[in-house]
Amino acid sequence: MMLKFVLMVTKQGQTRFSHYFESKDLKDRPPLEVDLARKIRLRTADQCSFFDYQDYRIVYRFYHNILIITASDAEENQVTVLEFIQLFMEALHTYFSPVTEIDIMYNLDKIHMVLEEIVINGCIVETNITNILEPLTLMDQKR
């Protein structure tokens, strides 16, 4: 599985978190993020939660007021990517209980740590939530 990027966007289209697994110019990121958020907001409820965009397969899911957007290779299995999104959000919900937009805004370092425990270079390497949250748990114990 090769993820290209993960975004967390508000329903208003503001990017709160972004993590790119491949090189992309900083000037190209905001237009991409805004365009993706706009396209997803325009989709109807009866449309599926994935579509092709440029060279990417976009898979997204809403969690409360947070939109999680992922991009992967076009041949990637969409259900697998949806499972990844579920795992990522479950890990965040376990740690923050529950995760909110405020948690994302003020704990970007922890969000990155959780994602980096699950995904390395765009490949999923860990699926056990206890193992994923272990570094954060250890950091919290040292404080």
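Start by selecting Asn121: this residue is exposed, with a relative accessible area of 63% (exposed means over 50% relative accessible area, buried under 20%, and partly exposed in between, using a 1.4 Å probe and protein chains only). The model on your screen is predicted, so local features need pLDDT of at least 70 and side-chain atom pairs count only at pLDDT 80 or more, while totals for chains, interfaces and linings use all residues. Residues are numbered from 1 along each chain as its sequence is written, and side-chain values use heavy atoms, with hydrogens and water left out.

Stay with Asn121 for a moment. It sits in the loop between strand 6 (119–120) and strand 7 (123–124). Helices (H or I, at least four residues) and strands (E, at least two) are DSSP runs, numbered from the N terminus. Check the backbone here too: phi of Asn121 is positive, about 50°, although the residue is not a glycine.

Next, select Gln54, in the loop that links strand 3 (50–53) to strand 4 (56–63). Gln54 is not a glycine either, and its phi is positive, near 50°. Is Gln54 buried or exposed? Gln54 is exposed, at 57% relative accessible area.

Now go to Asp73, in the loop between strand 5 (66–72) and helix 2 (78–96). Asp73 counts as buried because its relative accessibility is 17%. Which residues does Asp73 touch, leaving aside those up to four places away in sequence? Show Met2, Lys4 and Arg57 to see these partners; a contact means heavy atoms within 4.5 Å.

Follow the chain to Pro98, in the loop between helix 2 and helix 3 (101–106). Zoom in on the peptide bond between Ser97 and Pro98: this bond is cis, with omega about -15°.

For the last stop, colour helix 2 and helix 4 (residues 108–118), which pack at an angle of about 135° with their axes 11 Å apart. Axes are lines fitted to C-alpha atoms, for helices over the stretch in contact, and angles run from 0 to 180 degrees between N-to-C directions. The two helices are therefore oblique to each other (under 35 degrees is roughly parallel, over 145 roughly antiparallel, 65 to 115 roughly perpendicular, and the rest oblique).

The contact residues divide into 11 nonpolar, no polar and one charged (Ala, Val, Leu, Ile, Met, Phe, Trp, Tyr, Cys and Pro count as nonpolar, Asp, Glu, Lys and Arg as charged, and the others, Gly among them, as polar).
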